[in-house]
Amino acid sequence: MDHVGVVVDDLAAAIAFFVELGMELEGEMPVEGRWVDRVVGLDGVRVDIAMMRTPDGHGRIELTRFHAPEVIRGEPENAPANTLGIRRIMFAVEDIEDVLARLRAHGAELVGELARYEDSHRLCYVRGPEGIIVALAQQIG
């Protein structure tokens, strides 16, 4: 897998959120032109993207802010490429309380609660910018 794409409305907030999760900003750039229209199946695409990389260098998230065409704020059947959101992305963390505190400073909220799964993990879902849900998992022991 090369990367996961997430469409957002506030690119700066999304970058800050994922940086707080420990990801590194690889780069930002505008993207437009007939080639991108053909790839995503939309006309007149004009976006800004930010590539975020996990600290180990093996995973990446592409955050995309559409300027055109206008984003779709729902999830219709067969949603086009500019529909906001993704269900969840899970991150392994070493100190789940510390990560939660740092993410809350960026407006993140727990979806449910911090729970323990047997004797192996502490887990929670956090809702961040654009309603993106990330799961956090801290291995116990």
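Contact here means heavy atoms within 4.5 Å. The model is predicted, so to speak of local features requires pLDDT of at least 70, side-chain atom pairs count only at pLDDT 80 or more, and totals for chains, interfaces and linings use all residues. Residues are numbered from 1 along each chain as its sequence is written, and side-chain values use heavy atoms, with hydrogens and water left out.

**Nonpolar cores**

- A nonpolar core is a set of buried Ala, Val, Leu, Ile, Met, Phe, Trp, Tyr and Cys residues joined through side-chain atoms within 4.5 Å. Buried means under 20% relative accessible area, exposed over 50%, and partly exposed in between (1.4 Å probe, protein chains only).
- The largest nonpolar core has 26 residues, and those with the most contacts inside it are Phe-18, Leu-21, Ile-61, Leu-63, Phe-91, Val-134 and Leu-136.
- At least two residues of this core come from each of several elements, including helix H1 (11-20), strand E4 (60-68), strand E5 (89-92) and strand E9 (133-139). Helices (H or I, at least four residues) and strands (E, at least two) are DSSP runs, numbered from the N terminus.
- H1 gives the largest share of this core, five residues.
- Another core, of 10 residues, lies apart from it and has Val-7, Leu-42, Val-47 and Leu-84 among its members.

**Aromatic pairs**

- Rings of Phe, Tyr and Trp (its six-membered ring) pair if their centres lie within 6.5 Å; planes under 30 degrees apart count as stacked, over 60 as edge-to-face and the rest as tilted.
- The count by this rule is two aromatic pairs.
- Phe-17 and Phe-18 make an edge-to-face pair, 5.3 Å centre to centre with 90 degrees between the planes.
- The pair of Phe-18 and Phe-91 is tilted, because the ring centres are 6.3 Å apart and the planes stand at 50 degrees. This pair links distant parts of the chain, with Phe-18 in helix H1 and Phe-91 in strand E5, 73 residues apart.
- Phe-17, Phe-18 and Phe-91 form one aromatic cluster.

**Asn-82**

- Asn-82 lies in the loop between E4 and E5 and is buried, with a relative accessible area of 2%.
- Its side chain reaches the backbone oxygen of Glu-70 at 2.9 Å, a polar contact (N or O atoms within 3.5 Å; within protein, one able to donate a hydrogen and the other to accept it, and residues adjacent in sequence counting only if both atoms are side-chain atoms).
- Beyond neighbours within four places in sequence, Asn-82 is in contact with Val-7, Leu-42, Phe-66, Pro-69, Glu-70, Val-71 and Ile-72.
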